[in-house]
4 protein chains.
Amino acid sequence: MSFQARTLSMCVEVYVKMLSDSDNPVIFLGFSGAMIPAGMKKVISTIVKERMVDVIVTTGANAYHDFVESLGFYHYKGSPHVDDSELRRLMIDRIYDTFVDEECLQKADSKIVALAEKIRESLSGLPAISSREFLFELGRFIDEEGLEEEKESSFLWNCWKYKVPVFAPALNDSSIGLSLTKHYADFVQRGLTPLIIDPIKDNFEIYKIKRDAKKTGVIYIGGGVPKNYIQQTAYLERSLLGIENSGHDYGFQITTDRPEWGGLSGCTFKESLSWGKIKDDRNFVTCYCDATIAFPLIVKAVLERMGEKLKSRKRLNINL
Amino acid sequence: MSFQARTLSMCVEVYVKMLSDSDNPVIFLGFSGAMIPAGMKKVISTIVKERMVDVIVTTGANAYHDFVESLGFYHYKGSPHVDDSELRRLMIDRIYDTFVDEECLQKADSKIVALAEKIRESLSGLPAISSREFLFELGRFIDEEGLEEEKESSFLWNCWKYKVPVFAPALNDSSIGLSLTKHYADFVQRGLTPLIIDPIKDNFEIYKIKRDAKKTGVIYIGGGVPKNYIQQTAYLERSLLGIENSGHDYGFQITTDRPEWGGLSGCTFKESLSWGKIKDDRNFVTCYCDATIAFPLIVKAVLERMGEKLKSRKRLNINL
Amino acid sequence: MSFQARTLSMCVEVYVKMLSDSDNPVIFLGFSGAMIPAGMKKVISTIVKERMVDVIVTTGANAYHDFVESLGFYHYKGSPHVDDSELRRLMIDRIYDTFVDEECLQKADSKIVALAEKIRESLSGLPAISSREFLFELGRFIDEEGLEEEKESSFLWNCWKYKVPVFAPALNDSSIGLSLTKHYADFVQRGLTPLIIDPIKDNFEIYKIKRDAKKTGVIYIGGGVPKNYIQQTAYLERSLLGIENSGHDYGFQITTDRPEWGGLSGCTFKESLSWGKIKDDRNFVTCYCDATIAFPLIVKAVLERMGEKLKSRKRLNINL
Amino acid sequence: MSFQARTLSMCVEVYVKMLSDSDNPVIFLGFSGAMIPAGMKKVISTIVKERMVDVIVTTGANAYHDFVESLGFYHYKGSPHVDDSELRRLMIDRIYDTFVDEECLQKADSKIVALAEKIRESLSGLPAISSREFLFELGRFIDEEGLEEEKESSFLWNCWKYKVPVFAPALNDSSIGLSLTKHYADFVQRGLTPLIIDPIKDNFEIYKIKRDAKKTGVIYIGGGVPKNYIQQTAYLERSLLGIENSGHDYGFQITTDRPEWGGLSGCTFKESLSWGKIKDDRNFVTCYCDATIAFPLIVKAVLERMGEKLKSRKRLNINL
């Protein structure tokens with residue numbers, strides 16, 4: 001087939017290649033958009049379990065919605081063709097064709113506030129942690145207080161279990177960020193130093209992962225911060241270590257954006273080459289498709305092709 | 001005219017309305033995408049000077065490129081149809097059809113590292129500031145060390161001069177963030193506490209602006225963090241203060257994204273209604289167009305319609 | 001799943017519904033874009049064989065490329081990232097990422113010129129036929145002179161065999177049209193009346209199919225003339241027969257266009273409701289996706305769900 | 001400016017170039033989509049009057065809506081956010097955000113039926129005319145029976161007046177086609193030969209224009225048949241005359257489609273190069289924007305730049 005059916009199959013080929021490379025490339029997945037509310041939780045959890053990803057960068061919202069579901073608060077099939085004033089009255093929040101009960105969100109929020117306070121109390125000295133550390137604690141919280149039957153499908157829980165670091169570089173820009181703001185307001189009012197999320201610490205941590213990796217592969221679902229953040233790890237390595245040939249080795253992206261508007265979200269891998277963010281553009285593919293269609297197909301195809309070989313793939317084992 | 005020529009004219013109407021409202025709504029502008037490299041600097045600076053915007057939320061990259069130009073390092077007309085390997089060899093970075101000299105960027109980076117160190121040294125106690133505070137200092141730096149002839153067009157300088165707060169909620173995810181990482185690595189190695197960017201402090205600051213505003217208007221150029229961040233101020237107010245009717249009052253967005261993929265970047269104002277992020281959807285318009293075409297037309301039209309009336313508009317005067 | 005994975009599954013449901021309706025709706029498929037060069041030939045042929053479609057409306061180009069392949073002239077995997085001047089020199093024509101040998105096309109063209117002449121000679125009186133009649137003859141030509149091993153996958157041949165009418169309302173706007181122009185120029189020069197393609201005869205024929213159908217279902221792959229042409233059959237019935245409730249009963253479309261530009265190609269089924277082109281909008285779905293990805297998935301899913309039941313579906317049996 | 005503001009300005013440059021070329025290139029304009037209902041009538045009429053276009057290819061629908069307005073039946077500002085069932089009940093047809101009164105359309109339809117009959121009666125011998133001839137008669141009809149105050153803005157009337165040929169290669173696929181079908185059904189029932197629209201005659205006519213032109217320039221608003229039809233004139237010349245270097249010399253397109261779906265509507269000029277449809281790709285530009293925004297800006301800018309020079313441009317003077 002031609003056109004985007006072709007690029008879809010090329011994504012499978014690139015993914016198989018990066019998983020089969022004997023240099024064991026570190027694989028970064030960046031995903032933005034409301035992927036967890038959309039039902040992509042099990043797909044992400046599957047690639048964590050099956051050793052198909054080593055590092056995740058996402059939005060605070062996706063981490064939040066995964067957390068919410070682990071408490072038994074679900075997303076519901078809705079419709080975009082509704083009266084949103086009526087939804088407001090009923091306290092139903094809409095994500096395109098998907099509904100969520102706002103009262104459940106409020107219950108989840110209060111647990112995050114409590115968790116922030118608990119983490120704060122455990123810290124002596126400068127109470128600043130990276131978003132990765134916070135999300136690791138959230139994974140642990142799911143293990144301790146999440147519904148038993150929801151754990152297996154929670155990507156935060158799986159990442160916690162398999163020590164796959166999860167970064168949310170703009171954690172403040174999400175409902176988790178709002179709960180942290182409640183915590184902040186509360187502590188400031190009481191004259192206390194609140195828990196600080198230190199995003200530059202995140203930068204330093206992900207830089208170390210990149211620095212220690214012989215090779216790297218990247219997967220972008222959507223654009224925004226997650227894509228740019230993984231892109232810039234290559235640039236960061238060059239600027240901190242002066243390493244010239246620091247670009248990523250493999251990659252594919254699934255996007256509905258396009259290059260002509262000039263933004264990073266829609267940019268091609270070819271453009272990244274000029275910045276040295278990729279090494280060359282042979283092992284890079286872009287598939288223009290809604291990720292809810294394309295990504296499960298790619299993952300399933302790779303699972304079928306790789307089979308038992310995945311078991312021998314080494315997990316990233318790094319102290320950050 | 002119909003279709004997007006119509007929505008373009010409706011944006012003008014909504015903008016005039018929010019500027020004319022005697023309750024003096026606080027106007028938030030969120031812009032993402034490579035708007036400064038694209039040449040939008042003077043348009044943004046114009047609306048700052050002309051009292052057409054009160055708060056800006058943008059990406060670290062846009063702040064960075066504005067800063068770079070204030071030092072006399074420019075963006076050049078290029079082409080997307082080039083050999084990017086050749087650009088790499090020549091150290092020219094490409095942003096779709098626009099080129100930038102990487103050596104210039106490196107000079108700019110070292111100035112940011114120095115600025116971070118200087119700010120760090122000025123702080124006693126917890127060395128944590130918001131991105132807004134950092135960008136205010138960057139504006140002051142431009143005033144002190146930028147090229148005289150570039151100041152008038154720099155939006156950071158204008159925002160510093162007119163005290164228009166600029167937030168970059170994901171400042172880490174940008175070249176400014178990379179320079180802060182250099183500073184971080186250096187200080188950590190020397191056993192010192194580096195400057196901390198505290199993004200939850202940003203949340204608290206923007207929350208206070210929203211809280212104290214009788215009404216609010218929003219302008220979104222593109223999606224990503226800037227759009228979501230302004231959207232969530234309404235949600236934040238509700239969750240922190242329990243204020244029910246906290247949605248924005250006016251708004252228009254210029255986007256090339258679309259709602260069907262389910263992401264926040266492409267979502268309609270109607271969807272925001274279900275979340276209570278807007279009050280009702282009468283005074284909200286979406287124009288589907290590249291912002292480099294649409295936004296200058298809108299600003300010019302509003303300037304012509306409002307004329308001298310803009311002079312009487314009160315600037316936001318708030319201590320954060 | 002949400003978003004376009006959801007609409008994809010809804011297309012399957014609507015397709016199953018229209019195939020299962022005991023009123024045996026006549027199913028119209030309109031497809032535009034380079035679907036045959038893209039490799040969609042077997043999928044279209046499959047739904048013809050399996051009684052999943054009754055009438056086809058497409059572009060002259062798709063009919064032409066099906067014909068070309070039946071002669072053993074294939075489309076090749078290429079790339080959009082090539083030097084097109086070099087391709088020109090080599091007489092390779094490019095369709096995005098797909099190549100075709102122009103010399104082969106020229107051989108195919110001469111066969112169409114000869115067929116037109118042969119049809120012309122067989123006609124006495126007014127030598128005007130519909131595009132449907134011409135394409136039926138092209139199907140017969142494939143049966144007689146196409147490669148044996150190519151027939152099974154040719155949609156024109158299958159449509160000829162199973163008497164599924166194929167309309168190309170803009171047959172002139174294609175390589176078939178160019179060959180007919182050669183025939184025209186030649187005959188005019190010789191003072192003879194050439195074969196005439198009478199597109200209003202096509203209108204009358206498809207109107208009769210619509211008129212005699214108790215119910216109708218529509219499938220649109222892409223927009224352009226094929227979509228509009230099937231849409232307007234409902235309008236045609238109203239204007240010729242004064243039948244008020246003449247809209248289609250079921251439908252789904254796969255498109256990458258969008259409504260906001262105002263064109264018919266991207267219009268929603270809801271808009272069609274205002275024109276009376278559909279009866280109501282309950283059994284209508286739009287999936288935003290490249291058809292090379294979405295349509296094979298839909299067809300496979302419907303085949304699995306319907307199984308043997310398809311065999312009992314009655315074929316359209318109409319004298320035009 | 002960068003991105004699409006840049007390509008917009010490049011369209012102006014290419015347009016000025018083709019108008020200034022001393023070889024007086026024949027300029028073909030193809031436009032699809034509901035441009036006339038959208039309010040683009042005066043812009044098209046302006047370029048006809050100002051000698052900025054020599055040949056027009058469009059959809060039957062655009063010709064139809066121009067005709068309808070010349071009778072005093074207008075398009076109205078509506079909204080896409082309406083109850084379309086209610087519109088149906090009120091016999092209001094919706095074109096995205098624009099409304100039209102269906103009863104007015106019916107009055108217009110009956111005039112087309114009468115015109116077809118009148119033309120039919122005037123013909124002896126084979127009653128087959130090209131769509132161009134039919135639309136020329138429609139222009140004359142507007143001159144004779146249209147509202148005096150509407151003529152100046154009617155593009156069909158201006159094309160009739162200034163002898164700018166208008167082709168609608170898929171005239172059958174429009175409300176004009178529906179009226180011609182009424183005429184056809186009526187005549188067939190009465191045992192008479194109806195008026196025949198001969199689309200291959202159109203091909204032959206436009207081929208003669210291309211053949212006699214020293215150079216050619218092309219403007220595409222949208223895709224579909226109009227774009228492909230003008231593209232293929234270059235191919236037609238090669239296949240009929242064996243002329244190798246038959247591609248167009250200048251061109252720009254305004255589109256919201258994109259190349260990655262593989263269709264002709266979204267294809268780049270670079271792809272056209274492989275087919276020999278353009279000579280080289282230096283003087284060709286694509287602007288990604290809604291044409292209701294971009295085209296009026298381009299026309300106004302060209303008018304300002306060219307000024308009085310346009311008056312000396314020779315009109316196409318050809319007997320078809």
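## Contact between chains C and D

Two residues are in contact if their C-beta atoms, placed from the backbone, lie within 7 Å. In this predicted model, 60 residues of chain D are in contact with 60 residues of chain C. On chain D, the elements that give two or more residues to this side are α4 (84-90), β4 (92-95), α9 (175-189), β8 (196-197), α10 (199-212), α11 (224-241) and α12 (269-274). The largest share, 9 residues, comes from α11(D). Sorted by class, the side of chain D that touches chain C holds 30 nonpolar, 18 polar and 12 charged residues.

## How the two copies are related

Two copies of a chain are related by a rotation about an axis and a shift along it. Chain D is superposed on chain C by a rotation of 180° with 0.0 Å of shift along its axis, at an RMSD of 0.0 Å. This is the relation of a two-fold axis. Of the interface residues of chain D, 100% are also interface residues in chain C, so the copies meet through the same surface.

## Contact between chains C and B

Chain C also touches chain B: 8 residues of chain C are in contact with 8 residues of chain B. The residues on the chain C side divide into 3 nonpolar, 3 polar and 2 charged.

## Helix α2 of chain C

Helix α2 of chain C spans residues 41-49. Its buried residues are Lys41(C), Val43(C), Ile44(C), Ser45(C), Ile47(C) and Val48(C). What covers them includes α3 (60-70), α8 (155-161) and α13 (291-306) of chain C. Just after α2(C), Arg51(C) takes a positive phi of about 65°.

Terms used: Residues numbered from 1 in each chain as written. Chains lettered and ligands numbered in written order. Predicted model: local features only at pLDDT ≥ 70, side-chain atom pairs only at ≥ 80, totals over all residues. Buried ≥ 20, exposed ≤ 12 C-beta atoms within 10 Å, placed from the backbone. Helix = DSSP H or I, 4+ residues; strand = E, 2+ residues; numbered from the N terminus. Nonpolar A, V, L, I, M, F, W, Y, C, P; charged D, E, K, R; others polar. Least-squares fit on C-alpha atoms with pLDDT ≥ 70 in both.
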